[in-house]
Amino acid sequence: MDWSTGLLGFAAGFLISVTTAPVGVSGAVFLLPVQVSVLGVPSPAVTPTNLLYNVVAGPGALLRHWRAGRLGGPLTRLLIAGTVPGVVIGAVIRVFAVPGPHVFRLLVAALLLPLGLWLWLRTVRPAPPSTLAPPSSRATTSLALAVGVAGGIYGIGGGSLLGPILVGRGTPVAAVAPAALASTFVTSIVGAATYALLSLAATGDVAPDWLLGLSCGAGGLLGGYLGAHLQPHLPETALRLLLGTLATGVGALYAVQILR
């Protein structure tokens, strides 16, 4: 990796995380196409490289949430309980089954496009309070498990999937954001370690691109801290619309890639 690639990775990590951190998204789902199409990271090494980005970038936003007293709580524990075993399962699937990126793009587009539009609609035209019951503990953990598997396969943090669903079901963004970021951080540590172990038994580009992952993560570290600092100053409606826009944007991005 030359210095220009590292600088580009740093800038990408910073710009993505400062935008996504206020709504509990690490930004890895946006960084994935940048790493593949712009930075040229091979598959499946792009997945652990993305997880490495989450590990390095995560403490920035988490430190800010911890200082503000917003970190921890039952939602964080439920998400971690689901995503941690899920990411191990996903890593094994990615290395030995190697599902194609086309299937992933199709699933993400099919999920996030309607989810983002639904969240926009729910924000502009709020449903009656009685219909906005947050999901049960079992449903939350099951959702986190599924997201963890996806994160292990494709190297996304999961906040881009968990956030819109939980917020759309009535959980405040202020509660979802730190919980989703904490879950992403812990899960990414486990996922990156799993890939490092699997690289000893598998052939091909399985280990992460350490220098690039660190460069992107350093940008995400600063951007995440700044984004988490901005979150309390943004109204709930603006945060919900931002989350809906991010979900719709990611879904549209992958839909365009499918149609090419």
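Guide: Val-167 counts as buried, because its relative accessibility is 0%. Keep in mind that this is a predicted model.

Visitor: Which helix is Val-167 found in?

Guide: Val-167 is in helix 7.

Visitor: And what is Val-167 in contact with, leaving aside neighbours within four places in sequence?

Guide: Leu-119, Val-173, Val-176, Arg-240 and Leu-243.

Visitor: How do helix 6 and helix 7 cross?

Guide: Their axes cross at roughly 155° and come within 10 Å. Angles over 145 degrees count as roughly antiparallel, so helix 6 and helix 7 are roughly antiparallel to each other. The crossing is right-handed.

Visitor: Which residues meet there?

Guide: From helix 6, Thr-140, Leu-143, Ala-144 and Val-147. They meet Leu-161, Leu-162, Ile-165 and Leu-166 of helix 7. By class, this contact of helix 6 with helix 7 has seven nonpolar residues, one polar and no charged.

Visitor: Stay on helix 6. How many residues does it have, and how far does it reach?

Guide: Helix 6 covers residues 137-154, which is 18 residues. From first C-alpha to last it reaches 26 Å, close to the 26 Å expected.

Visitor: Which of its residues are buried?

Guide: The buried residues of helix 6 are Thr-140, Leu-143, Ala-144, Val-147, Gly-148, Val-149, Ala-150, Gly-151, Gly-152, Ile-153 and Tyr-154.

Visitor: What follows helix 6?

Guide: Gly-155, with a positive phi near 80°.

Visitor: New topic. How do helix 3 and helix 9 pack?

Guide: Helix 3 (residues 46-67) and helix 9 (residues 210-230) pack at about 25°, and their axes are 7 Å apart. Helix 3 is therefore roughly parallel to helix 9. Helix 3 passes helix 9 in a right-handed crossing.

Visitor: Which residues make the contact?

Guide: On helix 3 they include Thr-49, Leu-52, Tyr-53, Val-56, Ala-57 and Pro-59. On helix 9 they include Trp-210, Gly-213, Leu-214, Cys-216 and Gly-217. By class, the contact of helix 3 with helix 9 has 14 nonpolar, eight polar and two charged residues.

Visitor: Take Thr-49. Buried or exposed?

Guide: Thr-49 is buried, because its relative accessible area is 0%. Thr-49 sits in helix 3.

Visitor: What does Thr-49 touch, not counting residues up to four places away?

Guide: Gln-35, Val-41, Pro-208, Asp-209 and Gly-213.

Visitor: Where does Thr-49 lie relative to Val-167?

Guide: They are 118 residues apart along the chain, and their C-alpha atoms are separated by 28 Å.

Visitor: And Trp-210? Buried, exposed or partly exposed?

Guide: Trp-210 is partly exposed, with a relative accessible area of 47%. Its place is in helix 9. Trp-210 and Gly-224 are 14 residues apart in sequence, and C-alpha to C-alpha they are 20 Å apart.

Visitor: Last one: helix 4. How many residues, and what reach?

Guide: Helix 4 (residues 74-96) has 23 residues. It reaches 34 Å from first C-alpha to last, close to the 33 Å expected.

Visitor: Which residues of helix 4 are buried?

Guide: Leu-75, Thr-76, Leu-79, Gly-82, Thr-83, Gly-86, Val-87, Gly-90, Ala-91, Arg-94 and Val-95.

Visitor: And what covers them?

Guide: The cover includes helix 3, helix 6, helix 7 and helix 8.

Conventions: Residues numbered from 1 in each chain as written. Predicted model: local features only at pLDDT ≥ 70, side-chain atom pairs only at ≥ 80, totals over all residues. Heavy atoms only, no water. Helix = DSSP H or I, 4+ residues; strand = E, 2+ residues; numbered from the N terminus. Expected span 1.5 Å × (residues − 1). Buried < 20%, exposed > 50% of the residue type's maximum accessible area, 1.4 Å probe, protein only. Axes fitted to C-alpha atoms, helices over the stretch in contact; angles between N-to-C directions. Parallel < 35°, antiparallel > 145°, perpendicular 65-115°, else oblique. Left-handed = near helix turned anticlockwise from the far one by under 90°. Contact = heavy atoms within 4.5 Å. Nonpolar A, V, L, I, M, F, W, Y, C, P; charged D, E, K, R; others polar.
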